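Q: Please give me a close reading of a single part of this model, at the level of individual residues. I would then like to see how that part connects with its surroundings.

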Amino acid sequence: MIYNKNNKKPEILGLIPARGGSKGIPGKNIMRVAGKPLISYSIMHAQKSKYISRIIVTTDDEDIANVSKEFGAEVPFMRPPDIAGDMSPDIDAFNHALKWLKNKESYNPELVVQLRPTGPVRKIEIIDKAIEIILKDQNADSLRSVSQAEQTPYKMWKIKKANRMNPLIELDQLKDCHSLPRQKLPQAYWQNGYIDIIRPNTILKLNSMTGNNVIPFIIDDALFELDYPEDIPAVERALLDKNYVVDKK
């Protein structure tokens, strides 16, 4: 167990964002997947962690709130509709949650762990490893899980008007990098949503979900995201796999 400089267990908030207006799968966050509501898996992951000390769901939807409380999460506030739309960024919901907790409860966690409901297939030991890494690095603003990109962005293009296009990324030291062998290009990583950990000041003072000093947390495990109906079978198979079962009752 890692303790802070005052020899006390650090206060770590598990914050699960779950708005009600999913378009790809209506009611997605509480639909039953492998026998349980989708959001319940992220709640159980937080409950099983050695470090997460409080679990809150930020939602604008009463049904999601009720299911979340049934599985043991807190819903001390409802997210305002104006920050719960299709185009609402994460920073708005996290800013609202942290300011509410600070103003109403004088609650100031050391870390905020984001566990998205759409990524229900996780290993508890990976969650705890990520928390341990950022606890040891006080200079880090955040930690973000990434995987090696299957397609390099250095070979991607953006289309302009008048039927023309330009490279998405250009490198001064590598001319025409879009036409070079992949092995000569920098390795790129994509954020996979498995776990993100942020220091509250990064959100409240920098108005950012990452800040400037971001720890890369590379995930080598298979990844399962539930965004569309066709994702359901693979996610259900993974959730029933013994390596990912979190509720052994």
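A close look at one strand

A: Thr58 lies in strand β4, which covers residues 54-58; strands here are DSSP runs of E with at least two residues, helices are runs of H or I with at least four, and both are numbered from the N terminus. The model is predicted, and local features need a pLDDT of at least 70, side-chain atom pairs count only at pLDDT 80 or more, and totals for chains, interfaces and linings use all residues. Residues are numbered from 1 along each chain as its sequence is written, and side-chain values use heavy atoms, with hydrogens and water left out.

Thr58 has a relative accessible area of 0% and is therefore buried (buried is under 20% relative accessible area, exposed is over 50% and partly exposed is in between, with a 1.4 Å probe and protein chains only). Leaving out residues up to four places away in sequence, Thr58 touches Leu15, Ile16, Pro17, Ala18, Phe77, Arg79 and Ala93; a contact here means heavy atoms within 4.5 Å.

Strand β1, residues 12-17, runs parallel to β4, with five bridges between the two; strands are said to pair if DSSP finds at least two bridges between them. Within this pairing, Gly14 has Ile55 of β4 as its bridge partner. Gly14 also has a bridge partner in β5, namely Val113, and β1 and β5 are joined in the parallel sense by four bridges. In β5, Leu111 and Val113 lie on one side and Val112 and Gln114 on the other, and with all four buried both faces are covered. The pairing continues from β5 to β9, where the sense is antiparallel and the bridges number three. Val113 stands opposite Ile197 of β9.

Several loops complete the picture. Ser106 is in the loop between α3 (90-105) and β5 (111-114). Its phi is near 55°, a positive value in a residue other than glycine. Most residues other than glycine have a negative phi. Ser106 counts as exposed because its relative accessible area is 60%. Asp141 sits in the loop between α4 (124-135) and β6 (142-148), yet it is buried, at 15% relative accessible area. Beyond its neighbours within four places in sequence, Asp141 is in contact with Ile198, Arg199, Thr202, Leu206, Thr210, Gly211, Asn212 and Asn213.

Further along, β7 and β8 run antiparallel and are joined by four bridges, with Ile159 having Met165 of β8 as its bridge partner. The two strands form a hairpin with three residues between them, and Ala162 in the turn has a positive phi of about 60°. Asn163, in the loop between β7 (157-160) and β8, likewise has a positive phi, near 60°. At 68% relative accessibility, Asn163 is exposed.

The largest pocket has a volume of about 620 Å³. A pocket is an open set of points on a 1 Å grid over the protein atoms alone, where a 1.4 Å probe fits, with protein on both sides within 12 Å along at least five of seven lines; lining residues have an atom within 4 Å of a point. Points are joined across faces, edges and corners, and the volume is the space filled by probe spheres set on them. Of its 23 lining residues, Arg19, Lys28, Arg116, Thr118 and Asp227 are the closest to the centre. The lining divides into seven nonpolar, seven polar and nine charged residues (Ala, Val, Leu, Ile, Met, Phe, Trp, Tyr, Cys and Pro count as nonpolar, Asp, Glu, Lys and Arg as charged, and the others, Gly among them, as polar).

As to confidence, the chain averages a pLDDT of 92, and 95% of the residues score at least 70; pLDDT is the predictor's confidence in each residue, from 0 to 100. Over residues 1-5 the pLDDT stays under 50. Where pLDDT is low, the predicted coordinates should not be read in detail.
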